[in-house]
Amino acid sequence: MQISHAEPNLIPLLDLVLQLVMFFMATTNFARENNPEAIKLPLAQSAKPIEDDELKNERLFLNVEENGDMRVRSIMDSIGTQWFVEGRINGKTPLQKKDEGASELLIRRSNLDFYFNKVHDILADKVARDLRWPPYKKLTGSDKEKVDKEVADKTIVVLRAHQMADYGDVYDILTRCQKVGFSRMQVRATMDTK
Amino acid sequence: MSRREKDPQLETDLGRVIVPMLDMSFQLLFFFVAIFNPGKAEGKMALNLPATGQAKAKDLQNVDPKTISDANLEVPSDFVVVVSSHEDSFGVSIKDADKADKVGEVRGITPQNRREEIGKLLDTLREKLAERYKAKQEKEGLKVTDNVKIEANKKTKHADLVAVMDACLRAGYTQVGFAPPPDFQQQ
């Protein structure tokens, strides 16, 4: 009796699987740390695709939740201290010191001011270091102005607000951010292709 | 042995290599399928906000009267699109120096028909804005400015505001900014 040694040819199957792996590798986006899924963006037909050139700039993401709280990314200062590791600016936990009896709204507002000032100072320190100047806090006059301008030019503020967030909260956040010195702003929306 | 004849030893070796490779490929495939998210793409819309305030002059002789002061950071605009949004109603009007032109108002909105009803009203707004832009372009030619500001009450939902912004951008205006809500006080 003759024993058959017929085996399936696995090479085409391997080809196909590798093709699929390549496709998924190419289309997968791992950079999701700034894009919390909880924030459902509004739809807009005029929203344009994000250009690669923007990645060269510093980007400050303002992820505004439905209730007006803000999710933020932690940031490291020049001496290696990691700030805002909890990743949230809300009206419950004072960032700086305990405000006895302060309302949630007041705590949120003071937290926002502290956050924007801190981020601005950290970015300004980076710019001053690149220019081989002393730390930002020690700069005065035209040097300080030059660093402020550089920070404003190089930083894009990206507003990612939940579609059900109130305009009052969004406007409050934007103006506080603007008062600190950030001026390049963009709104993010889901591209509606209908 | 001719070249065309198969070498059984070689075939066995190839078979041994392919099976673990296929295993690994399936593992990779499973990983990428699991994390794949074919959601709608995120896009950007430029927001027109003024630059930070100019530095103050060190002495009186250096004061530049053309420079915008810190206290006056409002962006000049051709007109203001005023939005009045509430739970069950939504109204839009266009306000310029001379008069306010009411575009329309929808009442009795429910969460189910909100997007559709507001969408219809915003189509009308877009047509009116496009007419204004065209008329201005004919009058001013290439020098035409295209600044629009949107003013909305503070309880307006961000989705509605972005829909109004979208209508302005689609009408041809490129610089759209936000005006402070009339019922808003910053502390």
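Chain A has four helices and nine strands. Helices (H or I, at least four residues) and strands (E, at least two) are DSSP runs, numbered from the N terminus. Along the sequence, the pattern of chain A is α-β-β-β-β-β-β-β-α-α-β-α-β. The model is predicted: local features need pLDDT of at least 70, side-chain atom pairs count only at pLDDT 80 or more, and totals for chains, interfaces and linings use all residues. Residues are numbered from 1 along each chain as its sequence is written, while chains are lettered from A and ligands numbered from 1 in the order in which they are written.

The C-alpha atoms of chain A fill a box of roughly 95 × 45 × 35 Å along the principal axes. The radius of gyration of chain A is 24 Å, whereas a compact globule of 194 residues would have one near 16 Å. This radius is taken over C-alpha atoms, and the globule rule is 2.2 Å times the number of residues to the power 0.38.

Chain A also meets chain B. In this interface, 45 residues of chain B are in contact with 47 residues of chain A. Contact requires C-beta atoms, placed from the backbone, within 7 Å. On the side of chain B that touches chain A, two or more residues each come from helix 1 (8-35), strand 1 (42-47) and helix 3 (158-170) of chain B. Helix 1 of chain B gives the most, with twelve residues.

Strand 9 (residues 184-191) of chain A runs antiparallel to strand 1 of chain B, and six bridges join them. Strands pair if DSSP finds at least two bridges between them. Here A:T190 stands opposite B:E42.

Conventions:
Two residues are in contact if their C-beta atoms, placed from the backbone, lie within 7 Å.
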